[in-house]
Amino acid sequence: MKRLLVGITGASGVVYGIRLLMALRDAPDVESHLILSPGAAVTLGFETERSAQDVRALADVVHEHGDLAAPVASGSFPMHGMVVAPCSMKTLAQIALSLGDNLLVRAADVTLKERRRLVLVPRETPLHLGHLRHMTAVTEMGGVILPPAPAFYHGPKTVMDIVDQTVGKVLDQFGILHDLYRRWGHDA
């Protein structure tokens, strides 16, 4: 059983984290863990019709944002990796600087120190030099920066088709099989 931790922050684009949790429900042998930031609970109200409770129900295990004693705060707790989708610039900076004052950032720090896969889906544009430096720092520590950059070779027809392509790219980072989008060079 693979354990994958999903962090959802207050950045715009909470649909990425929600769709990832939905896709993980369909993935055999994957146990999804969730940390929902307080900002994410607010953004849910602006961008979706889902409540924080609805999103928590999509995960197999939920950890409270302020619980620094949760199992995922320790490297001894076996995890396959972690995704932060969407990743706010504040959270990105905290991860880059190892400022583990909440569970989401502490779990990301543990993921990096244990040399596990950490994938961040940053949601900001345009980017200034500080953002880029933090992305560089996380990459140098072994993290993966995976911005939601839509591709069009798979012929998306809806916004969810575009979201699914990004979520599929995230799943690819962990070797989790899916059919969320048509890959390059494959017929429709």
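Contact here means heavy atoms within 4.5 Å. The model is a predicted one, in which local features need pLDDT of at least 70 and side-chain atom pairs count only at pLDDT 80 or more, while totals for chains, interfaces and linings use all residues. Residues are numbered from 1 along each chain as its sequence is written, and side-chain values use heavy atoms, with hydrogens and water left out.

**View 1. Glutamine 94 in helix α4**. Helices (H or I, at least four residues) and strands (E, at least two) are DSSP runs, numbered from the N terminus. Glutamine 94 has 11% relative accessibility and therefore counts as buried (buried is under 20% relative accessible area, exposed over 50%, partly exposed in between, with a 1.4 Å probe and protein chains only). Neighbours within four places in sequence aside, glutamine 94 is in contact with Leu99, Asp101, Asn102 and Val105.

**View 2. The crossing of helices α4 and α5**. Helix α4 covers residues 89–96 and helix α5 residues 103–113; their axes come within 9 Å and cross at roughly 45°. Axes are lines fitted to C-alpha atoms, for helices over the stretch in contact, and angles run from 0 to 180 degrees between N-to-C directions. The two helices are therefore oblique to each other (under 35 degrees is roughly parallel, over 145 roughly antiparallel, 65 to 115 roughly perpendicular, and the rest oblique). On the α4 side, Thr91, Gln94 and Ile95 meet Leu104, Val105, Ala108 and Leu112 of α5. By class, this contact has five nonpolar, two polar and no charged residues (Ala, Val, Leu, Ile, Met, Phe, Trp, Tyr, Cys and Pro count as nonpolar, Asp, Glu, Lys and Arg as charged, and the others, Gly among them, as polar). The crossing is right-handed, meaning that the near helix is turned clockwise from the far one by less than a right angle.

**View 3. Alanine 108 in helix α5**. Alanine 108 counts as buried, because its relative accessibility is 0%. Beyond the neighbours within four places in sequence, alanine 108 is in contact with Met82, Ile95 and Leu118.

**View 4. The one aromatic pair found in the whole structure**. The ring centres of tyrosine 153 and tryptophan 184 are 5.4 Å apart and the planes are at 90°, so the pair is edge-to-face (rings of Phe, Tyr and Trp, the last by its six-membered ring, pair if their centres lie within 6.5 Å; planes under 30 degrees apart are stacked, over 60 edge-to-face and the rest tilted). Tyrosine 153 is partly exposed at 29%, whereas tryptophan 184 is exposed at 68%.
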